[in-house]
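Colleague: I have not looked at this one before. Could you walk me through it?

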Amino acid sequence: MLWNSADSSRAVSSVAGAPGLAAPDGVAAARAAVRAAVEPLLREPGGAPPESVLVGAAGAASAPAAARSLVAALLADLPVQEAAVTSDAVTAHAGALGGRAGVVLAIGTGSVAVGIGADGTYARVDGWGPLLGDDGSGARIGTAGLRAALRAHDGRGPATVLLDAAVGLFGDLERLPSTVGRDGNPARTAASFAPEVARAADAGDAVASAIVRDAAADLAETALAAAGRITTGGVPVPMAVTGGLTGLGPALMAPLTAALTGSGLPVRLTSPLGDPLDGARLLALDRATPHASLVVRVRRTTASSPLPTPATPPASA
């Protein structure tokens with residue numbers, strides 16, 4: 001998203017993202033995705049080169065060296081004076097709470113809770129990826145739904161409407177393992193089945209309902225753990241839930257809300273003030289937020305190059 005001024009209309013360009021900076025060739029994939037999204041905006045008539053670019057990238061927290069490499073690549077690729085990279089969970093936090101202290105539970109393909117205290121204390125809970133963590137995430141819900149469908153298909157598990165739903169979305173279940181891995185991002189493909197699991201739960205399917213309830217419990221545990229690790233000055237912890245998985249609706253959000261508000265911990269649920277792009281803009285402009293130490297930021301020391309002509313993005317950073 002390109003901002004020309006605080007009150008201007010926002011120009012938007014959307015492309016497929018990248019698996020994460022910690023993945024093999026993660027920097028190259030992120031670099032290519034950023035270029036593909038940004039360059040059309042920079043070529044709009046009458047536009048001036050922006051002052052800075054800030055990217056919220058999956059995996060930045062667990063791969064700081066990769067985040068630094070991506071910053072260097074962005075300065076080489078784009079006609080900006082400053083490039084910055086932080087975790088997508090940090091941009092989600094800044095956007096949801098307007099740069100203030102509190103906890104944000106970001107739920108999408110993955111899941112992570114970020115807590116920032118009034119004194120700058122920082123806690124990150126989960127976000128360990130689909131193999132080791134991301135409990136309650138879209139990838140986990142989708143995977144559990146597909147596993148249940150395969151168990152029903154084999155006769156090893158209870159009957160469930162998820163079987164027909166999986167066939168409808170992915171086709172022949174005998175080919176499901178290769179289908180899930182065909183685009184190189186199995187977690188994202190599995191997460192595409194999460195809405196089907198939520199719909200089945202809404203319709204009363206017992207297997208799907210149990211999957212979604214378990215996911216809500218996992219997500220609540222993640223958010224409350226983050227709240228317990230930050231200092232709030234004796235006031236209830238502001239907490240917002242953001243991310244694409246909130247679109248699953250009451251099947252997930254009702255038990256999640258009940259678990260958060262009924263925990264006995266001093267938390268105050270609040271609606272998100274903005275999205276991760278709002279958070280990215282805030283962090284690009286304001287260095288005084290509690291998030292400052294979590295942003296890798298480099299300013300150009302030489303004259304910037306003109307915008308490169310369209311080409312295949314570099315294969316490596």
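Modeller: A term to start with: two strands pair if DSSP finds at least two bridges between them. Helices (H or I, at least four residues) and strands (E, at least two) are DSSP runs, numbered from the N terminus. Alanine 57, for one, stands opposite serine 87 in S2.

Colleague: Before we go on, what kind of model is this, and how are residues numbered?

Modeller: This is a predicted model, in which local features need pLDDT of at least 70 and side-chain atom pairs count only at pLDDT 80 or more, while totals for chains, interfaces and linings use all residues. Residues are numbered from 1 along each chain as its sequence is written, and side-chain values use heavy atoms, with hydrogens and water left out.

Colleague: Back to the strands. In which sense do S1 and S2 pair, parallel or antiparallel?

Modeller: Parallel: S1 (residues 52-57) and S2 (residues 82-87) pair over six bridges. Glycine 56 stands opposite threonine 86 in S2. Between the two strands the chain passes through helix H2 (residues 64-77), and this β-α-β crossover is right-handed. Right-handed here means that, with the strands pointing away from the viewer, the path from the first strand over the helix to the second runs clockwise.

Colleague: What is the strand order in the sheet?

Modeller: The order is S1-S2-S8, in an open sheet of three strands with mixed pairing. S1 and S8 are the edge strands, each pairing on one side only. From one strand to the next the twist averages 10 degrees. For such angles, axes are lines fitted to C-alpha atoms, for helices over the stretch in contact, and angles run from 0 to 180 degrees between N-to-C directions.

Colleague: Which strands does helix H12 lie across?

Modeller: Helix H12 (residues 276-285) lies across S1, S2 and S8, and runs at about 130 degrees to S1.

Colleague: Changing topic, how many salt bridges are there?

Modeller: Counting a side-chain nitrogen of Lys or Arg within 4 Å of a carboxyl oxygen of Asp or Glu, the total is ten salt bridges. In one of them, aspartate 77 meets arginine 31 at 2.7 Å, N to O. Aspartate 77 lies in helix H2 and arginine 31 in helix H1 (residues 26-42), so the pair ties together parts that are 46 residues apart in sequence.

Colleague: Is that pair buried or exposed?

Modeller: Aspartate 77 and arginine 31 are both buried. Buried means under 20% relative accessible area, exposed over 50%, and partly exposed in between (1.4 Å probe, protein chains only).

Colleague: What about glutamate 82, which residue does it bridge to?

Modeller: Glutamate 82 forms a salt bridge with arginine 299, with the closest N and O atoms 3.6 Å apart. Glutamate 82 is in strand S2 and arginine 299 in strand S8 (residues 296-299), 217 residues apart. Glutamate 82 counts as buried because its relative accessibility is 5%, whereas arginine 299, at 43%, counts as partly exposed.

Colleague: Which residues are linked in a network of salt bridges?

Modeller: Glu51, Glu82, Arg287, Arg297 and Arg299.

Colleague: And which residues form the salt bridge with the 3.1 Å N to O distance?

Modeller: Aspartate 154 and arginine 156. Aspartate 154 is partly exposed, with a relative accessible area of 47%.

Key. Contact = heavy atoms within 4.5 Å.
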